[in-house]
Amino acid sequence: MLVVKLLIITSVLIYCQDIRKQSIITKGDYATIYFGHLNEEIVCLKSFKDPLALDREVEDLQLLNHTNIIRFIGRHSVDGVDMLVMEYMPTNLNKVIHGEAKNNLTLGQKVELLRDVAKALLYLSENDKYHGDLKPSNILLSVDGDSIKTKLCDFSDSKFRRTFMYMCPENYQYGYKFSYLCDIYSFGMIMYEVLFEIKPFSHVPDDSDVFKNVFEWKQQVLEGRRPYIPTIHSTDYINIMTRCWQSDPSKRPTYQEIIDNLK
Ligand SMILES: Nc1ncnc2c1ncn2[C@@H]1O[C@H](COP(=O)(O)OP(=O)(O)O)[C@@H](O)[C@H]1O
Ligand SMILES: [Mg+2]
């Protein structure tokens, strides 16, 4: 088993020395992300606090090949630190909707990016995989005029750091085994955030006990509490979005239904 793992790891090492780590893009609790260059190409480097998380992400990413999933380039040691090397994307969905790179997306671009996320998730499910931590900061974007490119990132299987707002209610139940159906719930929350440009549950006042008390929060989500729907877009979109966040996972739509409705 160890031999097989070593073979997999060595097969993706980049032997080329012409890889340069440059400035930090972002530093989180678990990983640091850098700009880099591989020959003439701008790339992105990710170093991990937990080396096993690097192994997990490399193992997953190297097998995935889809236009809407970040392209894996290899792993490389810089100053003795092993790093994941991947294609570079200029921004993420969180920044585009709420932050520094706020960009007024047209409805057409919103629908296209949601459809592309659903296509990536469909591809994962067809390969018996799920993302597990689907949220706007894990959706990378490149927006250039009308054109928009969307790629999922962060396959480090971070079950201990999932974000409440996007987490399916069954995940709170003891002994629950995560599945792609939980990604569909998270997708519904992302649809909400993209269509309305507000965080799910942001109408709950800051001083609300719900946010102070995680137990109370989970209880309310388990009892069926969902984000308030402020205005009507197209009833078709609202319908598919609310079906994604059904409490009963078997009532959630399939990825194909989602894609067909995102026109
Ligand atoms: N390939 C990439 N190109 C450009 N920026 C990236 C890339 N991958 C990640 N980032 C940036 O770094 C952030 C954190 O990366 P991520 O892989 O989600 O790590 P973490 O495990 O810390 O959440 C992303 O939200 C994005 O802003
Ligand atoms: Mg992330």
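Two residues count as being in contact here if their C-beta atoms, placed from the backbone, lie within 7 Å. Keep that cut-off in mind as we walk through this predicted model.

Let's start with the overall picture. The chain runs to 263 residues, and 34% of them are buried. Its secondary structure comes to 9 helices and 8 strands. If you take the contacts between residues at least 6 apart in sequence, 61% of them join residues at least 24 apart.

Now for the inside. The largest nonpolar core holds 57 residues, and Val117, Phe187 and Met191 are the ones that touch the most other members. Helix H5 (residues 180-196) is the top contributor to this core, giving 10 residues. Domain 1 (2-87) and domain 2 (91-261) each put at least three residues into this core. Val117 is a handy place to look around from: setting aside neighbours within four places in sequence, Val117 is in contact with Asn68, Ile139, Thr150, Leu152, Phe187 and Ile190.

On to the ligand. There are 20 residues around ligand 1, and the ones that come nearest are Gly28, Ile33, Cys44, Ser137 and Asp154. By type, the shell around ligand 1 splits into 11 nonpolar, 6 polar and 3 charged residues.

And where does ligand 1 sit relative to the domains? Both domain 1 (2-87) and domain 2 (91-261) give residues to its shell, so ligand 1 lies between them.

Notes:
Residues are numbered from 1 along each chain as its sequence is written. Chains are lettered from A and ligands numbered from 1 in the order in which they are written. This is a predicted model: local features need pLDDT of at least 70, side-chain atom pairs count only at pLDDT 80 or more; totals for chains, interfaces and linings use all residues. A residue is near a molecule or strand if its C-beta atom, placed from the backbone, lies within 6 Å of it. Ala, Val, Leu, Ile, Met, Phe, Trp, Tyr, Cys and Pro count as nonpolar, Asp, Glu, Lys and Arg as charged, and the others, Gly among them, as polar. Domain bounds come from an automatic or database domain assignment. A nonpolar core is a set of buried Ala, Val, Leu, Ile, Met, Phe, Trp, Tyr and Cys residues joined through C-beta atoms within 7 Å. A residue is buried if 20 or more other C-beta atoms lie within 10 Å of its own, exposed if 12 or fewer, and partly exposed in between; C-beta atoms are placed from the backbone. Helices (H or I, at least four residues) and strands (E, at least two) are DSSP runs, numbered from the N terminus.
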